[in-house]
Amino acid sequence: LKATMAEEEEAPELSELDQKLNEISNKYQSLNKPGAQLHALFKAELDKLDEATAAEMAAAEAALAAAPDDASLVRAQEKIGEVRAKAAALRDAAIANLENIDAEMGRNKLAQEREERAVRAELAPPEDE
């Protein structure tokens with residue numbers, strides 16, 4: 001008990017300014033945590049999409065190279081076009097999601113900075129000039 005009391009006495013108390021700034025920081029960390037998790041999830045999905053697209057393109061290109069006749073050649077070319085179109089649409093959607101998440105986290109960072117400046121203006125001691 002004495003050791004705990006001694007530690008408490010030695011631990012400097014946070015100023016009201018530091019307490020408010022910590023509260024603001026914690027608030028925005030909480031707000032951005034889901035965004036950061038979603039960002040990681042979408043980025044992983046984008047990586048998987050790129051891998052799947054590469055495999056699908058390799059198969060389509062192999063079919064193109066092995067096409068025994070004109071009809072097979074046309075089907076293989078159409079398949080390549082479909083794979084490219086599908087991959088582009090999925091990739092664009094995933095990138096849009098990443099950009100939206102990044103934008104929201106950026107807005108949160110700006111709001112945090114505004115709140116911190118307001119708290120500093122209110123609570124910080126005046127600077128000597």
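## A bent helix and its partner

Helix α2 has a kink of about 35° at Asn-32, shortly before the proline Pro-34. Keep in mind that this is a predicted model. Even so, α2 spans 72 Å between its first and last C-alpha, close to the 74 Å expected at 1.5 Å a residue. The helix covers residues 16-65, which makes 50 residues.

Which residues of α2 are buried? They are Leu-17, Leu-21, Ile-24, Tyr-28, Asn-32, Gly-35, Leu-46, Leu-49, Thr-53, Met-57 and Ala-60. As a reminder, an α-helix has 3.6 residues a turn, so residues three or four places apart point the same way.

Now for the largest nonpolar core: it has six residues, namely Leu-17, Leu-21, Ile-24, Tyr-28, Ala-111 and Val-119. Both α2 and α3 supply at least two residues each, and the largest share, four residues, comes from α2. Val-119 touches Leu-17, Lys-20, Leu-21, Ile-24 and Ala-124, leaving aside residues up to four places away in sequence.

Over in helix α3 you'll also find Glu-78. Is Glu-78 buried or partly exposed? It is partly exposed, because its relative accessible area is 47%, between the 20% and 50% cut-offs.

| Helix | Residue range |
|---|---|
| α2 | residues 16-65 |

Methods:
Residues are numbered from 1 along each chain as its sequence is written. This is a predicted model: local features need pLDDT of at least 70, side-chain atom pairs count only at pLDDT 80 or more; totals for chains, interfaces and linings use all residues. Side-chain values use heavy atoms; hydrogens and water are left out. The expected span of a helix is 1.5 Å times one less than its number of residues. The bend at a residue is the angle between axes fitted to the seven residues ending there and the seven starting there. Buried means under 20% relative accessible area, exposed over 50%, partly exposed in between (1.4 Å probe, protein chains only). A nonpolar core is a set of buried Ala, Val, Leu, Ile, Met, Phe, Trp, Tyr and Cys residues joined through side-chain atoms within 4.5 Å. Contact means heavy atoms within 4.5 Å.
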